[in-house]
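My notes follow the order in which I checked them.

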Amino acid sequence: MISYDPQKTNLIINGTAITGFADGAMIEAEYNSDFIEPYVGTQGDVAVAEIADRTGTIKITLMQTSPSVAYLDALAKQKGDSAAFAVSIVDMNTNGTNVSGTKARVKKPASSKWDKEVTEREFEIFVADMEMN
């Protein structure tokens with residue numbers, strides 16, 4: 001029997017471990033484009049275009065009380081070439097998927113909401129050179 005432990009999955013941004021994930025899907029990662037674009041001719045001949053786009057998006061949801069919220073908001077406000085950072089998702093579970101990139105940026109600061117209960121903050125991270133394996 002194989003088990004999954006979310007505590008064995010870590011998100012590291014610019015050398016800092018992100019903490020305080022909200023309940024539910026804590027991290028999502030996906031490529032922004034398909035890897036191929038098939039083309040079928042009138043007589044059924046098929047060709048495939050190889051798509052070179054290996055950009056990706058990492059989405060995370062944190063509790064509003066997470067110390068990582070302020071850190072990610074600050075990263076989102078940085079500008080210029082030096083604003084890019086390394087990112088990695090390290091999944092130490094059996095058959096875990098690992099994600100990495102060396103040129104990433106937080107797309108914008110999180111939207112804020114206040115309620116009688118703890119709320120969530122969502123971030124999207126654009127990764128220019130994402131590798132998923």
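I first needed the terms: helices (H or I, at least four residues) and strands (E, at least two) are DSSP runs, numbered from the N terminus. With that, I read the order of elements from the N terminus on as β-β-β-β-β-β-α-β-β-β-β. The protein has one helix and 10 strands.

I noted the ground rules. The model is predicted, so to speak by record: local features need pLDDT of at least 70, side-chain atom pairs count only at pLDDT 80 or more, and totals for chains, interfaces and linings use all residues. Residues are numbered from 1 along each chain as its sequence is written, and side-chain values use heavy atoms, with hydrogens and water left out.

**Overall shape.** I looked up the radius of gyration, which is taken over C-alpha atoms, with a globule rule of 2.2 Å times the number of residues to the power 0.38. The protein has 18 Å, whereas a compact globule of 133 residues would have a value near 14 Å. Along the principal axes, the C-alpha atoms fill a box of roughly 60 × 50 × 30 Å.

**Contacts.** I took contact to mean heavy atoms within 4.5 Å. Of the contacts between residues at least 6 apart in sequence, 66% join residues at least 24 apart.

Buried means under 20% relative accessible area, exposed over 50%, and partly exposed in between (1.4 Å probe, protein chains only). Buried residues make up 30% of the 133 residues. A nonpolar core is a set of buried Ala, Val, Leu, Ile, Met, Phe, Trp, Tyr and Cys residues joined through side-chain atoms within 4.5 Å. In the largest such core, which has 24 residues, L11, I13, I58, I60 and L72 touch the most other members. Two or more residues each come from β1 (9-13), β6 (56-63), α1 (68-77), β7 (85-91), β8 (99-106) and β9 (120-127). The largest share of this core, four residues, comes from α1.

I then followed I13. Leaving aside neighbours within four places in sequence, I13 is in contact with I18, Y71, L72, L75, F85, A86, V87 and I125.

**A loop residue.** I found A110 in the loop between β8 and β9. Is A110 buried or exposed? A110 counts as buried because its relative accessibility is 13%. Not counting residues up to four places away in sequence, A110 touches D73, R121, E122 and F123. I also checked A110 against F35: they are 75 residues apart along the chain, and their C-alpha atoms are separated by 30 Å.
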